[in-house]
Amino acid sequence: MLSIDSTSGCERPMAEWLALHLQTPDNTVETLEVGDGTLNVRVSWGRPKLWFCSHCDTVPPYIPPTLKEDRIEGRGSCDAKGQVFSMFLACKRLRAMGLTDFGLLVLAGEETGSFGAKAYDRDCPGGDVLIVGEPTGNAMVTASKGTQAFTVRIQGKPCHSGYPQWGESAIDGFVNLVERLRATYFPPDPELGETTWNVGKLVSDNPQNILSPELTCRIYFRTTFASHDFVKAVMEGFASEKVSIEAHGGDTPMHYMTLEGFPQTTVAFGSDTPRLSKFARRALCGPGSISVAHTAAEHILLQDIETAVEQYVRMACTLLGAK
């Protein structure tokens, strides 16, 4: 799996490979078009009441895999091919125990907007239980932060940089907005903690000797139950004649199903889970550490995979009423 480059947008070969290699004598494998050239993969044993779910796309850049004594390194090892692998092994073990009525979903486009999850929610039925795999350190997530994204466009007035008094730099407007944002009080949340934000896609392509006529960027928030609605009001309040704010939506903070006997945690990252709205109960749990996801040091410990398989089997047995 890790030898296939499935960077978001070019993950179709990964889905096609999975559709071939997840086939067993007693399951049904289907591929579902997302609509943007990518595929979702659905694997069923019987008539599933419980679904495992993770994603096949990864962030750039692609990093080939390396197997070491205690770990697997490479892009996707931690986020989230390690989860797909663990879930499939759990499914095989459940079937060997004589159980049925469970399935595995592998979705496209999670890293760039949950496009596979949105398509699945649009086109397909849900179910009773969904267990989503992300790098949570094998702890069941009690709650996760939400997200909100905004495009900010700041207009300046270009002029010769030797005479800045004749113009107005969009860079200065951006700095002023960032300083105002830094000074804004976002109420802390007793469960999810502080609200955070970062700037991305920053563009001001002016020559060095001309004041910037325009700057655009994205501002991306990780929101809490206490701050989610407040964030939008704050950003809209920054709009003016020279500053435009375009909201792109996002996911609200979310509570998850947990089970007794498993470690628990909260997380600040997003997942496909909020977009899969047709499932009655949703859980979030998987092997790997979020601290190495999306980094050049991405890896997953072999022991964490073994623990994940055992936990997924225990969860399924509990939720399916098996002994």
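**Legends to views of a predicted protein chain**

**View 1. Overall extent and burial of the protein chain.** Of the 323 residues of the protein chain, 47% count as buried, and the coordinates shown are those of a predicted model. The chain contains six helices and 16 strands, and its C-alpha trace spans about 80 × 40 × 40 Å along the principal axes. Among contacts with a separation of 6 or more, 79% are between residues 24 or more positions apart. The accessible surface amounts to about 14900 Å², with 52% of this area belonging to carbon and sulfur atoms.

View 2. In helix 1, which comprises residues 12-21, the buried residues are M14, A15, L18 and A19. Because these residues cover an arc of only 140° around the axis, they are on the same side of helix 1. The cover over the buried residues of helix 1 includes strand 1 (28-33) and strand 2 (39-45), together with helix 2 (81-96) and strand 6 (102-107).

**View 3. Strand 3, enclosed on both faces.** Strand 3 is formed by residues 50-55, and since six of its six residues are buried, the strand is largely enclosed by the rest of the structure. In a regular strand, side chains alternate between the two faces of the sheet.

**View 4. The parallel partners of strand 3.** Strand 3 pairs with strand 6 in the parallel sense over six bridges, and within this pairing L50 has F102 of strand 6 as its bridge partner. Strand 3 also runs parallel to strand 7 (residues 127-132), to which it is joined by four bridges; here C53 has V132 of strand 7 as its bridge partner.

View 5. Between strand 4 and strand 5 (residues 71-73), the antiparallel pairing extends over two bridges, and T66 stands opposite E73 in strand 5.

Definitions and conventions. Residues are numbered from 1 along each chain as its sequence is written. This is a predicted model: local features need pLDDT of at least 70, side-chain atom pairs count only at pLDDT 80 or more; totals for chains, interfaces and linings use all residues. Side-chain values use heavy atoms; hydrogens and water are left out. Buried means under 20% relative accessible area, exposed over 50%, partly exposed in between (1.4 Å probe, protein chains only). The arc is that of the directions from the helix axis to the C-beta atoms. Contact means heavy atoms within 4.5 Å. Accessible areas come from the Shrake-Rupley method with a 1.4 Å probe; for residues, only the protein chains shown count as cover. Two strands pair if DSSP finds at least two bridges between them.
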